[in-house]
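I opened a new model today and kept notes as I went. The entries below follow the order in which I looked things up.

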Amino acid sequence: WNRHQQKQNNLDRGCYFIIKGQEKVIVSQERFADNQLFLFEKKNSPKYTNYAEFRSIDPNTRIVFGTYIRYTKNKTFRIKLPQMKEDMCLISLFRLLKDWNDLDILKRLGENVFELLEESFSHCSKNYSKEVSIITSAIQLKTNGMTRELILQEIDTFIQKVLVPHVQKFDRCIFVCDVMLKELLNSIQKKRPLDDRDHLSNKRVDTPGVM
């Protein structure tokens, strides 16, 4: 028996189960880390040069919502949210939700980034209504006959659902501005290194219990 057991140990490494006569192997699943900011450079994209990515988990539903801030080759900052078919100007989102003017935003980010934000300020001033329509289209909101207060209420409900839901409600725009946008600006100015998508510290491994 000992000789037989030794032979089996040499040939069969185990790590599987026999279920109804078939071998079943448990495989852990590797994925990108959630609730963590990542900054990347897009070298081959015809539209973007740099972008910030944040995958946020809703603490109640455990659904993952991705938020992306992209720096375009036209030198504007645009944000992409779930359910939105296209991205919108980030400055328009700040003006819509927080009623911040250009000076308010610069006070939060520092005046040394004005040159990077100048085109976004200009674009927002010229196309504010068009940019806001991107959100109303995403939530299929028919604004005809609706007051501005009702429109803002519907948009706010949508934003609170998909925009970094792990953050407290009153801090979400502040988080996007003070954390995501500021770090993206630092990476563009070479003050912060870009992240390595393949580095193990930026990944998580889900075991069968988690899945």
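**Entry 1: the cores.** I began with the largest nonpolar core, which has 49 residues. A nonpolar core here is a set of buried Ala, Val, Leu, Ile, Met, Phe, Trp, Tyr and Cys residues joined through side-chain atoms within 4.5 Å. Buried means under 20% relative accessible area, exposed means over 50%, and partly exposed lies in between (1.4 Å probe, protein chains only). Ile69, Phe77, Ile79, Leu90, Phe94, Ile135 and Val176 have the most contacts inside this core. Helix 6 (residues 172-188) gives the core its largest share, 9 residues. I also noted a second, separate core of 5 residues, with Phe32, Ala33, Phe40 and Tyr51 among them. Helices (H or I, at least four residues) and strands (E, at least two) are DSSP runs, numbered from the N terminus.

**Entry 2: what I am looking at.** This is a predicted model, in which local features need pLDDT of at least 70 and side-chain atom pairs count only at pLDDT 80 or more, while totals for chains, interfaces and linings use all residues. Residues are numbered from 1 along each chain as its sequence is written, and side-chain values use heavy atoms, with hydrogens and water left out.

**Entry 3: Ala33.** I looked up Ala33 from the second core. Ala33 sits in the loop between strand 3 and strand 4. Its relative accessible area is 0%, so Ala33 is buried. I then checked Ala33 against Met180, which is 147 residues away along the chain. The C-alpha atoms of Ala33 and Met180 are separated by 16 Å.

Entry 4: In what order do the 5 strands of the open sheet stand? I read the order as 4-5-6-7-8, with antiparallel pairing. Two strands pair if DSSP finds at least two bridges between them. Strand 4 and strand 8 are at the edges with a single partner strand each, so one side of each has no neighbour in the sheet. In general, strands of a sheet pair through backbone hydrogen bonds, either parallel or antiparallel.

Strand 6 (residues 64-72) and strand 7 (residues 77-80) are antiparallel and share 4 bridges. Tyr71 is opposite Phe77 of strand 7. The hairpin of strand 6 and strand 7 has 4 residues between the strands, and Lys75 there takes a positive phi near 65 degrees. Strand 7 is joined to strand 8 (residues 88-89) by 2 bridges, again antiparallel. Arg78 has Cys89 of strand 8 as its bridge partner, and Ile79 has Met88.

**Entry 5: salt bridges.** A salt bridge is a side-chain nitrogen of Lys or Arg within 4 Å of a carboxyl oxygen of Asp or Glu. The count comes to 12 salt bridges by this rule. Side chains of opposite charge can pair when their charged atoms come close.

The side chains of Arg55 and Asp34 form a salt bridge at 3.3 Å, N to O. Arg55 is in strand 5 and Asp34 is in the loop between strand 3 (29-32) and strand 4, so the pair, 21 residues apart, links distant parts of the chain. Arg55 is partly exposed at 25% relative accessible area, whereas Asp34 is buried at 15%. Arg31, Asp34, Arg55 and Asp206 are linked in a network of salt bridges.

Glu131 and Arg78 form another salt bridge, with the closest N and O atoms 3.1 Å apart. Glu131 belongs to helix 4 (residues 114-138) and Arg78 to strand 7, and this pair, 53 residues apart, also links distant parts of the chain. Are these two residues, Glu131 and Arg78, buried or exposed? Glu131 is buried, with 4% relative accessible area. Arg78 is buried at 12%.

Arg95 pairs with Asp102, where the closest N and O atoms are 2.4 Å apart. Arg95 counts as buried at 17%, and Asp102 is partly exposed at 25%.

**Entry 6: Ser45.** Ser45 lies in the loop between strand 4 (37-41) and strand 5 (48-57). Its relative accessibility is 9%, and Ser45 therefore counts as buried. The side chain of Ser45 makes a polar contact with the backbone nitrogen of Lys47 at 3.2 Å. A polar contact is a pair of N or O atoms within 3.5 Å; within protein, one must be able to donate a hydrogen and the other to accept it, and residues adjacent in sequence count only if both atoms are side-chain atoms.

**Entry 7: a surface patch.** Last, I looked at the nonpolar patch on the surface formed by Phe17, Ile19 and Ile26. Together they have about 300 Å² of accessible area. Such patches are made of residues with over 30% relative accessible area and no salt bridge, with like charges joined within 9 Å and nonpolar side chains (Val, Leu, Ile, Met, Phe, Trp, Tyr) within 5 Å. Accessible areas come from the Shrake-Rupley method with a 1.4 Å probe, and for residues only the protein chains shown count as cover. Phe17 is in strand 1 (residues 17-19) and is partly exposed at 49% relative accessibility.
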